Amino acid sequence: MPLTPTDEIARRARAAGTGVGAFNVLQLEHAQAIVAGAEDADRPVVLQISENTVRYHGALEPVALASLAVARAAKVPVAVHLDHAENPDLVREAVGLGLGSVMFDASKLPYDENVAATREVVEECHRHGVWVEAELGEVGGKGGAHTPGVRTDPEEARAFVAATGVDALAVAVGSSHQMLTRDAVLDFDLIARLRAAVDVPLVLHGSSGVSNADLAAAVAAGMTKVNVSTHLNKAFTRAVRDHLADHPEAVDPRRYLAPARAAVAREVARLLTVLAPA
């Protein structure tokens, strides 16, 4: 199956009132697991590569090309997306490599500078047919400008989308990145007001800290793209630990990475059915 653009997946989900799972790829096993889970659930999915993961690998190209290859071989629609890129040069590289969408994050900048930087990226990406997500009202958990408790103002969101031309907007509604517990308290009324204020899909970052029931409620209130990373990493790491505890003599990484990959696939399939029930 050819790559499916993120905008097509998100547009269909928004029209249907369902959510799209967007899961972070840290290495090849993650990409394989995410696609296997999507195939098991028979749902579309977004593979995301963050700037932090690029830093870990030392370059975007190896992990991006691997993810694109896995996506092209999938039996369900799969998009490949650059997540939380603060460097415009990395955005340009992603576009050149064939990623269909990017998230340009200038949310640490003052509002006017965020608008200017985002608009420039949007204009360049749109010339290449690439979909752009941006962020307004910092999502917590990153430190610095990403301060928990910040919320996105609907009127400011409306103005930001109009001024930048972004295709999707990540908003702060109570979730935080890198949460290890699933007890985030979302503001569902704010989600509904943001959904009414802007005509582009809303994106929920920090979804690892949100319970299944609240993920479903967030989609019902107006969220479309739902990003998950830490929750899958917990499943991956737990499976590795369990295997090594049961097989302390193991030295072949394939022996413990295979059950970790399977654990992530199962969790992806389950989360996709939460976001888009049959």
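User: What makes β1 and β2 a pair in this predicted model?

Analyst: Two strands pair if DSSP finds at least two bridges between them. Strand β1 (residues 20-24) and β2 are joined over three bridges, so the pair meets the cut-off of at least two. The sense is parallel. In this pairing, phenylalanine 23 has leucine 47 of β2 as its bridge partner.

User: Why is the unit of β1, helix α2 and β2 called right-handed?

Analyst: A crossover is called right-handed because, with the strands pointing away from the viewer, the path from the first strand over the helix to the second runs clockwise. The β-α-β unit made by β1, helix α2 (residues 28-41) and β2 is right-handed.

User: Which strand pairs with β2 over six bridges?

Analyst: Strand β3 (residues 78-85) does, in the parallel sense. Valine 46 has alanine 79 of β3 as its bridge partner.

User: Why is β2 described as largely enclosed by the rest of the structure?

Analyst: Buried means under 20% relative accessible area. Six of the six residues of strand β2 (residues 45-50) are buried, so the strand is largely enclosed. Val45, Leu47 and Ile49 point one way from β2, while Val46, Gln48 and Ser50 point the other way, and all are buried. In a regular strand the side chains alternate between the two faces of the sheet.

User: What does leucine 47 touch?

Analyst: Not counting residues up to four places away in sequence, leucine 47 touches Phe23, Val25, Ala31, Ile34, Val35, Ser67, Ala71, Val78, Ala79, Val80 and His81. Leu47 is also among the residues with the most contacts inside the largest nonpolar core, together with Phe23, Leu60, Leu82, Val91 and Val173. That core has 80 residues. Its largest share, eleven residues, comes from α11.

User: How do you know that the length of α2 agrees with its number of residues?

Analyst: At 1.5 Å a residue, the 14 residues of α2 should span 20 Å, and its end C-alpha atoms are 20 Å apart, so the two values agree.

User: Which residues of α2 are buried, and what do they pack against?

Analyst: The buried residues are Glu29, His30, Ala31, Ala33, Ile34, Val35, Gly37, Ala38 and Ala41. The buried residues of α2 pack against β1, β2, α4 (61-72), β3, α10 (230-246) and α11 (253-275).

User: How do you know what span to expect for α10?

Analyst: The expectation is 1.5 Å times one less than the number of residues. For the 17 residues of α10 this gives 24 Å, and the end C-alpha atoms are 24 Å apart, so the span agrees. Thr230, His231, Leu232, Ala235, Phe236, Ala239, Val240 and His243 are the buried residues of α10. They pack against β1, α2, β8 (223-228) and α11.

User: Why is isoleucine 9 called buried?

Analyst: Its relative accessible area is 5%, and buried means under 20%, so isoleucine 9 counts as buried. Isoleucine 9 lies in helix α1 (residues 6-16). Leaving aside neighbours within four places in sequence, isoleucine 9 is in contact with Thr4, Val20, Pro44, Val45, Pro77, Val78 and Ala79. Proline 77 is 68 residues from isoleucine 9 in sequence, yet 7.7 Å away in space, C-alpha to C-alpha.

User: What makes β4 a partner of β3 and of β5?

Analyst: A pair needs at least two bridges. Three bridges join β3 to β4, and these strands run parallel. β4 also pairs with strand β5 (residues 131-136) in the parallel sense over three bridges. Alanine 85 has phenylalanine 104 of β4 as bridge partner, and serine 101 has tryptophan 131 of β5. The crossover from β4 through helix α6 (residues 111-127) to β5 is right-handed. Another right-handed β-α-β unit consists of β3, helix α5 (residues 88-97) and β4.

User: How do you know that the chain agrees with a compact globule?

Analyst: With 278 residues, a compact globule would have a radius of gyration near 19 Å; the chain has 18 Å, so it agrees. Of the 278 residues, 54% count as buried. Among contacts between residues at least 6 apart in sequence, 71% join residues at least 24 apart.

Conventions
Residues numbered from 1 in each chain as written. Predicted model: local features only at pLDDT ≥ 70, side-chain atom pairs only at ≥ 80, totals over all residues. Heavy atoms only, no water. Buried < 20%, exposed > 50% of the residue type's maximum accessible area, 1.4 Å probe, protein only. Helix = DSSP H or I, 4+ residues; strand = E, 2+ residues; numbered from the N terminus. Contact = heavy atoms within 4.5 Å. Core = buried A, V, L, I, M, F, W, Y, C linked by side-chain atoms within 4.5 Å. Rg over C-alpha atoms; globule rule 2.2 N^0.38 Å.
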